[in-house]
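The following paragraphs lead through one region of a protein structure, beginning with a single residue and widening to its surroundings.

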Number of protein chains: 2
Amino acid sequence: MDAFDLDTPALYVDLDALERNIARMQQQSRAWGVGLRPHVKTHKIPEIAQMQLDAGAIGITVAKVGEAEVLPGDDVLVAYPLLQAKLPRLRELAKTRRVKVAVDSVDVARDVHGEGIETLVEIDVGVGRTGAQSPEQAVEIAQACSDGNFRGICYWPSWLDEAGFQAACVKIDAVLDALAAAGFEATIVSGGSTPGAAKTPLIPRTTEIRPGTYVFYDASSLAAKLCVEADCALRVLTTVVSTAVPGQCVIDAGSKTFSSDQTVGAGTFGHFVGRERPWTLRKLNEEHGYVEIDGPARVGEKVWVVPSHVCATVNLHDEISYGRRGRVEGSWKVAARGRVR
Amino acid sequence: MDAFDLDTPALYVDLDALERNIARMQQQSRAWGVGLRPHVKTHKIPEIAQMQLDAGAIGITVAKVGEAEVLPGDDVLVAYPLLQAKLPRLRELAKTRRVKVAVDSVDVARDVHGEGIETLVEIDVGVGRTGAQSPEQAVEIAQACSDGNFRGICYWPSWLDEAGFQAACVKIDAVLDALAAAGFEATIVSGGSTPGAAKTPLIPRTTEIRPGTYVFYDASSLAAKLCVEADCALRVLTTVVSTAVPGQCVIDAGSKTFSSDQTVGAGTFGHFVGRERPWTLRKLNEEHGYVEIDGPARVGEKVWVVPSHVCATVNLHDEISYGRRGRVEGSWKVAARGRVR
């Protein structure tokens, strides 16, 4: 079947682009001398996680225990502050897999323990989300880690502006020095993300990175010049359903297909593929996409859209078709979709 | 089980509030002399659609055929421009239920036909999304309706500003007059939405309204003073997972729990229930909610949040717990979640 014949809206992944993206990030990580521990929240699909592992990933990163429960990988980092309520499931996970957890408070460091559960102290490198604020705090948290299960640190993100980036490097160095002085050798320094991956070699002592988006890329990656259009492995096939309003058409995909996340820096909601005269996805309702057009559009016309934020888009769908050269060869179930716990 | 003991993040519906909301909108519709045809995209739950029908709703409204396929109601309006690709499923639906479809182009009006399929001509009353632009266009579309299946018109929304509202009323009148002059008697004039429901009696010749959000209400309804906090039937239980950054805490619910939709007019992402000192949900990442706080917060503390846009929130979850007075009595499957086709 031709992907263009899919009923719309439909998500389609080009396997050639996907395999290229996986191979390239793996190759780059090797060149940078770091392990690759992809964040699988982007795709939530066991088959893709397996492709990443087969290509050489050292394990997977998840945000929620529920993701790890349905995705493969012998070595799992839950890069999220986990509380006691999740401990029974985490311990169950640790029976068959090596499990690491990020901690950013003394209380949680004390609580999170069990056979096979290791901890990384999270460091705030400037975004102000989670993570120890100072080297002293990092040491306190490491000291609270139960059962001597401290293994290192993790930080996010690595895409700060130049001044922020320099400050982050200084902070990471200071934290590692303070930890070493207190007797805590960080064997793992986990960082990275797709936008900041290229900066990895510049960050002191990083041992592994956790990019997610790179498997598919998206319109935000494109706007940030992290990739070219051909690298955007996941596209949404949509149909023009109305041309009633002059200068506009409406496609059958809105925020329940794409999510409401905008293309970072572009103020749009997606990128139309291969158009001579650009179409602009200016606004979304739940099932309507408002497109500014400068030229004709026809009701029934099908158009491919690269979503703004692919992680959010994938999480709205149960199934994604895949194939090569525009053919549909099969479909994956988005097994970890909706696993917010 | 106490709802407060649910593992987080978790969605919980208070049945007392839900029943009150359903009864009140039904009662008001009766007082206004219009039928109530709730838009079920808000909840996507068969049991709640049945409650609305049992209370007196004349049928249901959906945006996609896939929603109608799993939700009850003998009389279904697909308030969406449907193309030929969806016709086989629509015809299947029409075998057992009365089906109406919105059309806003001559081509589609010609295409959409079949035993038991009726059409409403959609009118753009000022928002510029879909719908005929002029009375002349509306007549052309009505003339193209196959098999004499024209039944009336539909419009959206009814929450325009004062000048826009007056213009919309004039337009609806003009369209109905033009249709009547061309021999098309509109027996159905379908309008309304939750924010504009109260204006229903002011709009000429409306026979039915299609509000959706009123079953649960949300933080946007609250900000618009459409309801009070006690009417917000759906709440999200979350847990504080980090207090590392001063003046802030992070809850375990982000855009994959709430969606990225902001509270209309408020620039926040949800409303914290019953707090003396207000907390402000200022920013979301996928699994992190950034909360501005002016006072203490404790890691492990559980807090209830009314989401900004409840339709988008519900669509991210497979299951919703329900009960009364804070007890969990059961859970519903969100049967039409993700049904974008």
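In this predicted model, Asp75(B) is partly exposed, because 17 other C-beta atoms lie within 10 Å of its own, whereas a buried residue would need 20 or more. Asp75(B) belongs to strand β4 of chain B, which spans residues 75–78. Beyond its neighbours within four places in sequence, Asp75(B) is in contact with Ile58(B), Gly59(B), Arg97(B) and Arg98(B).

The strands β4(B) and β5(B) pair in the parallel sense over four bridges. Between them, the chain passes through helix α4 of chain B (residues 87–94), and this β-α-β crossover is right-handed. Strand β5(B) is mostly covered, with five of its six residues buried.

Strand β5 (residues 98–103) of chain B also pairs with strand β6 (residues 117–124) of chain B, in the parallel sense and over five bridges. Along this pairing, Lys100(B) stands opposite Glu118(B) in β6(B), and Val103(B) has Val121(B) as its bridge partner. The chain crosses from β5(B) to β6(B) through helix α5 (residues 106–111) of chain B, in a β-α-β crossover that is right-handed.

These strands form part of an open sheet of eight strands in chain B, in the order β2-β9-β8-β7-β6-β5-β4-β3, with parallel pairing. At its edges are β2 (35–36) and β3 (60–62) of chain B, each of which pairs on one side only.

Definitions and conventions:
Residues numbered from 1 in each chain as written. Chains lettered and ligands numbered in written order. Predicted model: local features only at pLDDT ≥ 70, side-chain atom pairs only at ≥ 80, totals over all residues. Pairing = 2+ DSSP bridges. Helix = DSSP H or I, 4+ residues; strand = E, 2+ residues; numbered from the N terminus. Buried ≥ 20, exposed ≤ 12 C-beta atoms within 10 Å, placed from the backbone. Contact = placed C-beta atoms within 7 Å. Right-handed = clockwise from strand over helix to strand, strands pointing away.
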